[in-house]
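This report is an introduction for someone meeting the structure for the first time. It goes from a single residue to the whole chain, and then to the sheet, the helices and the core.

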Amino acid sequence: MEGKARPEATAAEAQYAMDRMIALAQFGQQDIAGRLGLNVTDLTCLGFVIEAGLAGESLAAGDLAERARLTTGAVTGVLNRLEKAGYVRRRADPGDRRRVRVVMEESAQARILEVYGPFYERIAALLADYTPDEVAVLADWFTRATDAMQVSLEETRRGGPAPGEREVP
């Protein structure tokens with residue numbers, strides 16, 4: 001499969017397009033959370049639970065707190081809301097009864113796909129317009145951009161990079 005001709009773009013134009021997509025995604029997360037009866041933090045935590053489930057794992061409540069950068073007390077509130085809304089349930093960890101595991105409710109997936117499904121269908125159609133080599137470049141870019149964003153967020157959280165510490169991937 002030969003790639004389609006793509007419009008030329010500068011790095012600055014690509015970065016501007018990325019900024020617009022991120023801004024739209026932030027507003028979209030607020031709208032999606034509202035449609036699902038959640039707030040954005042709860043939706044983000046639900047995403048971590050879904051991600052773990054897709055990997056065949058369940059998250060301990062403490063692991064969820066760490067991933068979401070929340071206190072264990074705040075995660076208790078998140079889990080109370082997610083459980084009340086019917087998205088997750090807590091289960092005692094069979095290996096350590098002091099720990100709680102968080103698992104998706106089976107009925108939750110259909111509710112979530114009702115909202116996210118059209119978006120993922122559009123993205124699948126968009127990706128189908130690219131060759132496998134182009135998709136590989138896109139996947140590589142998103143993975144590396146995520147890593148760069150993680151480094152930048154860690155710098156921001158600790159007050160910025162120390163002089164001479166800035167890392168460019």
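Does leucine 153 count as buried, partly exposed or exposed? In this model, which is a predicted one, leucine 153 has a relative accessibility of 35%, and because buried means under 20% and exposed means over 50%, leucine 153 counts as partly exposed. Leucine 153 has its place in helix H6, which covers residues 132-157. Its C-alpha atom and that of threonine 143, a residue 10 places away along the chain, are separated by 15 Å.

## The chain as a whole

The secondary structure of the protein chain consists of 6 helices and 3 strands, and read along the sequence these elements follow the pattern α-α-β-α-α-β-β-α-α. The C-alpha trace spans about 55 × 45 × 30 Å along its principal axes. Of the 169 residues in the protein chain, 21% are buried.

The 3 strands form an open sheet, in which the order is E1-E3-E2 and the pairing is antiparallel. Strand E1 (59-60) and strand E2 (88-93) stand at the edges, and each has a single partner strand, so one side of each is left without a neighbour in the sheet. As a general point, strands of a sheet pair through backbone hydrogen bonds, either parallel or antiparallel.

E1 is joined by 2 bridges to strand E3, which covers residues 96-104; alanine 60, for example, has arginine 101 in E3 as its bridge partner. The antiparallel pairing of E2 with E3 runs over 6 bridges, and here arginine 89 has valine 103 in E3 as its bridge partner. E2 and E3 form a hairpin, with 2 residues between them.

## Helices against the sheet and against each other

Helix H2, made up of residues 40-54, lies across E1, E2 and E3, and runs at about 95° to E3. Aspartate 42 lies in H2, and with a relative accessibility of 1% aspartate 42 counts as buried. Once its neighbours within four places in sequence are left aside, aspartate 42 is in contact with Val78, Arg81 and Leu82.

How do helix H3 and helix H4 pack, and at what angle? H3 (residues 61-68) and H4 (residues 72-84) pack at about 105°, with their axes 9 Å apart, and because angles of 65 to 115 degrees count as roughly perpendicular, H3 and H4 are described as roughly perpendicular to each other. On the H3 side the contact is made by Ala61, Leu64 and Ala65, and on the H4 side by Thr72, Val75 and Leu79. By class, this contact has 5 nonpolar residues, 1 polar residue and no charged residues.

Leucine 64, which lies in helix H3, has a relative accessible area of 0% and is buried. Not counting residues up to four places away in sequence, leucine 64 touches Cys45, Phe48, Val49, Leu59, Val75 and Leu79. Leucine 64 and arginine 101 are 37 residues apart in sequence, and their C-alpha atoms are 9.5 Å apart in space.

Leucine 64 also belongs to the largest nonpolar core, which has 26 residues, and is listed with Leu36, Leu38, Leu82, Tyr87 and Val88 as those with the most contacts inside it. Helix H1 (11-35), H2, H3, H4 and helix H5 (108-127) each supply at least two residues of this core, and the largest share, 6 residues, comes from H2.

Alanine 14 is found in helix H1; its relative accessible area is 44%, and it is partly exposed. The C-alpha atoms of alanine 14 and arginine 111, which are 97 residues apart along the chain, are separated by 34 Å.

The accessibility values of the residues discussed above are brought together here.

| Residue | Relative accessible area | Class |
|---|---|---|
| Aspartate 42 | 1% | buried |
| Leucine 64 | 0% | buried |
| Alanine 14 | 44% | partly exposed |
| Leucine 153 | 35% | partly exposed |

How values were computed: Residues numbered from 1 in each chain as written. Predicted model: local features only at pLDDT ≥ 70, side-chain atom pairs only at ≥ 80, totals over all residues. Heavy atoms only, no water. Helix = DSSP H or I, 4+ residues; strand = E, 2+ residues; numbered from the N terminus. Buried < 20%, exposed > 50% of the residue type's maximum accessible area, 1.4 Å probe, protein only. Contact = heavy atoms within 4.5 Å. Pairing = 2+ DSSP bridges. Axes fitted to C-alpha atoms, helices over the stretch in contact; angles between N-to-C directions. Parallel < 35°, antiparallel > 145°, perpendicular 65-115°, else oblique. Nonpolar A, V, L, I, M, F, W, Y, C, P; charged D, E, K, R; others polar. Core = buried A, V, L, I, M, F, W, Y, C linked by side-chain atoms within 4.5 Å.
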